Amino acid sequence: MIRSMTGFGAAEGEVGGSLVAVEVRSVNHRFFNPSIKLPSEFTRWEGEVRETLRRAVTRGHVTLFARVSREQREGRIDEARFATYVQQLRGLQQRYGLDETLDVGTVLRLPDVLGSPNEAEAVVGTPAELVEIVSKAVAEMDAMRAAEGARLCTYILERLQFIADAVERIAVRAPERVIEQRERLRQAVQDLAGGVSIDDQRLAQEIAFLADRLDVGEEIARFRSHLEAFRATLRNAPAEGVGKRLGFLLQELLREANTTGSKANDATILQDVLGIKEELERIREQVENLE
């Protein structure tokens, strides 16, 4: 299946009773390049998260961000810290003759009294719970990458058809071009001879040399072969490396276009060659985003 390297996925779940949200996104990159940002509670499980990404993604810069919702932890009070603050505040009131009014809200707003889990609470949960959430987010991202890949595949096939049509026009025009040049050469030699006898064998030899220089039959055959290989790769995409394979075929197609243009030396053919190069550039921009 053709996949784009651009995608986004998100999922939520519980790890140790805490709600965890995971977002994962990917963009174009030559290799698998992960960037993982986990809460401090989960950093020791980064290896498991990285392996989950590696199994799912072949190429692309992948950024994963996880966050823990603190809502479920709010409302839990560190009573020992609360009592310490109250004792300190009462002492300050007596020492400096301050108003003795002291409400609960004031104490709860002091640092680390409310919603501040201790170290033991922070490590509750298992790596499997986190990996399950990551896998769901990655699956959503993968679905988006597959959908985008299908759209890119359709676009590329359309561009390939434009190229194939241009190649067939060149295939028709090229022999006509050879005949025109042959007759032009024959007429030019006769004009220069000015009635002097012409060596027909030598003239035939020169015409043969000219026809060989102008012949693009091999280029046309290779064009067709590369185009079919391109379509076959899109139809039967390998598990990995499809972008690199298509990139190689693009280079070969561009090589044939350049050779055809230089050999033909014909305005009509050059116009089609220019169109082929423009389509190849459009395809290249899309291929660079395929996994």
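In this predicted model, Gly243, Leu246, Gly247, Leu250, Leu253, Leu254, Ala257, Asn258, Thr260, Gly261 and Ala264 of helix α8 are in contact (heavy atoms within 4.5 Å) with Ile269, Leu270, Val273, Ile276, Lys277, Leu280, Ile283, Arg284 and Val287 of helix α9. By class, this contact of α8 with α9 holds 13 nonpolar, 5 polar and 2 charged residues; Ala, Val, Leu, Ile, Met, Phe, Trp, Tyr, Cys and Pro count as nonpolar, Asp, Glu, Lys and Arg as charged, and the others, Gly among them, as polar.

Local features need pLDDT of at least 70 and side-chain atom pairs count only at pLDDT 80 or more, while totals for chains, interfaces and linings use all residues. Residues are numbered from 1 along each chain as its sequence is written, and side-chain values use heavy atoms, with hydrogens and water left out.

**Overall make-up**

- The protein chain has 9 helices and 4 strands; helices (H or I, at least four residues) and strands (E, at least two) are DSSP runs, numbered from the N terminus.
- Along the sequence, the elements of the protein chain follow the order β-β-β-α-β-α-α-α-α-α-α-α-α.
- Of the 291 residues in the protein chain, 36% are buried, where buried means under 20% relative accessible area, exposed over 50%, and partly exposed in between (1.4 Å probe, protein chains only).
- Among contacts in the protein chain with a separation of 6 or more, 78% are between residues 24 or more positions apart.

**Packing of α8 with α9**

- Two packed helices are described by the angle between their axes and the distance between the axes.
- Helix α8 covers residues 242-264 and helix α9 residues 267-287; their axes come within 10 Å and cross at roughly 165°.
- The axes are lines fitted to C-alpha atoms, for helices over the stretch in contact, and angles run from 0 to 180 degrees between N-to-C directions.
- α8 and α9 are therefore roughly antiparallel to each other; angles under 35 degrees count as roughly parallel, over 145 as roughly antiparallel, 65 to 115 as roughly perpendicular and the rest as oblique.
- The crossing of α8 and α9 is left-handed, a term used if the near helix is turned anticlockwise from the far one by less than a right angle, with right-handed if clockwise.

**Packing of α7 with α8**

- The axis of helix α7 (residues 217-235) comes within 10 Å of that of α8, and the two cross at roughly 160°.
- That makes α7 roughly antiparallel to α8, and the crossing of α7 and α8 is left-handed.
- On the α7 side, the residues that meet α8 include Phe223, His226, Leu227 and Phe230.
- On the α8 side, the residues that meet α7 include Leu246, Leu249, Leu250, Leu253 and Ala257.
- The contact of α7 with α8 divides into 11 nonpolar, 4 polar and 6 charged residues.

**Leucine 253**

- Leucine 253 lies in helix α8 and is buried, with a relative accessible area of 0%.
- Not counting residues up to four places away in sequence, leucine 253 touches Phe223, His226, Leu227, Phe230 and Leu280.
- The C-alpha atoms of leucine 253 and phenylalanine 230 are separated by 9.9 Å, with the two residues 23 residues apart along the chain.

- In helix α1 (residues 46-56), the buried residues are Val49, Thr52 and Leu53.
- They cover an arc of only 95° around the axis, which puts them on the same side of α1; the arc is that of the directions from the helix axis to the C-beta atoms.
- Threonine 58 sits in the loop between α1 and β4 (60-68) and is partly exposed, at 29% relative accessibility.
- Threonine 58 and glycine 241 are 183 residues apart along the chain, and their C-alpha atoms are separated by 8.0 Å.

- Valine 138 belongs to helix α5 (residues 127-193) and is buried, with a relative accessible area of 6%.
- Residues up to four places away in sequence aside, valine 138 touches Val24, Leu53 and Ala56.
- A separation of 9.3 Å is found between the C-alpha atoms of valine 138 and glycine 7, which are 131 residues apart along the chain.
- Glycine 149 is also placed in helix α5 and is buried, with a relative accessible area of 0%.
- Apart from neighbours within four places in sequence, glycine 149 is in contact with Ile2, Arg3 and Ser4.
- The C-alpha atoms of glycine 149 and methionine 5 are separated by 8.2 Å, at 144 residues apart along the chain.
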